[in-house]
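Dear colleague,

I am passing on the structure we spoke about, and below it you will find my notes on what turned up. Please read them with the structure open beside you.

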Amino acid sequence: MSDQSLREFWTQVIDPEGIGLPEAIARELGAYTGESTTVVLDKMTGGTDAFKALWHEREVQSSDQAAVKEFYRNQFVEAYELANWHCGRSFGELPLSYARAALFAKREGLTRALDFGSGIGSGSLALSMAGCEVHSADIANELLAFVVFRMKRRGFVPRPIDLGIGGVQPPRHYFDVITCFDVLEHVPDQLEMLRQLESYLKPGGYLFANLYDDSTHPDRPMHISSAGDWLPMVRQTGMIPVWKEVEEQKIHVLRRVRGGRLKNLAASVVDRLQATR
Ligand SMILES: C[S@@+](CC[C@H](N)C(=O)[O-])C[C@H]1O[C@@H](n2cnc3c(N)ncnc32)[C@H](O)[C@@H]1O
């Protein structure tokens with residue numbers, strides 16, 4: 001998959017009418033909130049600062065899991081930050097992780113997809129456009145409502161999973177592909193989360209996730225954990241690393257395979273031997 005084809009696909013996802021990516025996503029947000037495109041574009045520009053300010057204003061303690069969950073549940077500010085990022089304004093380039101996963105799913109004929117930590121649902125749209133049956137899971141119920149709005153507006157069936165409601169979980173052993181982009185650094189225990197995600201995959205299913213060795217960032221106090229040395233962590237699951245792009249967005253692709261735990265155990269010995277050479 002060339003970067004050009006990924007960019008073209010993502011542009012179709014965000015801006016199907018070709019009016020310009022920032023305008024397209026701002027209009028969609030405005031259609032939901034009732035705000036003008038100009039107001040939305042302004043809020044998008046200030047999204048990172050506003051989200052950070054909200055975290056400090058609410059005095060969220062990252063060690064308090066309930067408080068962290070509560071923070072995500074009762075806010076919509078993050079929508080503007082994510083919109084700004086998805087249209088390429090945050091870093092001067094388009095985020096292409098979802099396009100990569102969606103086009104991979106299309107090429108491999110993978111159909112059941114879970115967009116875990118779906119945010120504003122741009123990834124759910126991408127996977128839907130690639131022909132998948134998409135389930136969108138998040139703890140942020142206000143963002144999830146916007147995902148439902150966007151999916152319906154584009155003619156796709158929304159399948160929201162509100163993880164903030166006690167006991168609600170995605171179905172186990174069901175998915176061919178799971179995306180978990182820029183989510184793991186928001187949860188306290190990344191290994192536990194990886195194991196949960198593994199349990200939602202069918203044998204042979206793929207997990208696309210970012211594993212950042214160090215997620216700390218002055219503008220993102222809500223990044224409360226880091227993957228550290230990612231390989232020993234992955235070796236404690238039944239998912240085998242099959243592909244990674246560590247230079248830019250640190251995308252890892254892991255595959256749940258039969259006997260994966262044993263294979264990882266054996267591989268971890270080899271990893272350690274190689275590390276001592
Ligand atoms: C940086 S956003 C990424 C959203 C989306 N994946 C994307 O790349 O645009 C992080 C998302 O993770 C969600 N999140 C945070 N903690 C979570 C948890 N414990 N379980 C599921 N989602 C969570 C947030 O609500 C937010 O939507």
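How many nonpolar, polar and charged residues does the shell around the ligand have? In this predicted model, the shell is made up of nine nonpolar residues, five polar ones and two charged ones. Of these 16 residues around the ligand, the ones that come nearest are Gly-117, Gly-119, Ala-140, Phe-181 and His-186.

Turning to helix H3, which runs over residues 37-45, the buried residues there are Val-40, Leu-41, Lys-43 and Met-44. They lie on the same side of H3, because the arc they cover around the axis is only 160°. An α-helix has 3.6 residues a turn, so residues three or four places apart point the same way.

If we leave aside its neighbours within four places in sequence, Ala-105 is in contact with Leu-110, Ala-113, Leu-127, Ala-130, Cys-132 and Val-177. In soluble globular proteins, nonpolar side chains tend to be buried together.

By way of contrast, Gln-4 lies in helix H1 (residues 3-14) and is exposed, because there are 8 other C-beta atoms within 10 Å, where a count of 12 or fewer is the cut-off for exposed. Gln-4 and Leu-127 are 123 residues apart in sequence, and their C-alpha atoms are 18 Å apart in space.

Technical notes
Residues are numbered from 1 along each chain as its sequence is written. This is a predicted model: local features need pLDDT of at least 70, side-chain atom pairs count only at pLDDT 80 or more; totals for chains, interfaces and linings use all residues. A residue is near a molecule or strand if its C-beta atom, placed from the backbone, lies within 6 Å of it. Ala, Val, Leu, Ile, Met, Phe, Trp, Tyr, Cys and Pro count as nonpolar, Asp, Glu, Lys and Arg as charged, and the others, Gly among them, as polar. A residue is buried if 20 or more other C-beta atoms lie within 10 Å of its own, exposed if 12 or fewer, and partly exposed in between; C-beta atoms are placed from the backbone. Helices (H or I, at least four residues) and strands (E, at least two) are DSSP runs, numbered from the N terminus. The arc is that of the directions from the helix axis to the C-beta atoms. Two residues are in contact if their C-beta atoms, placed from the backbone, lie within 7 Å.
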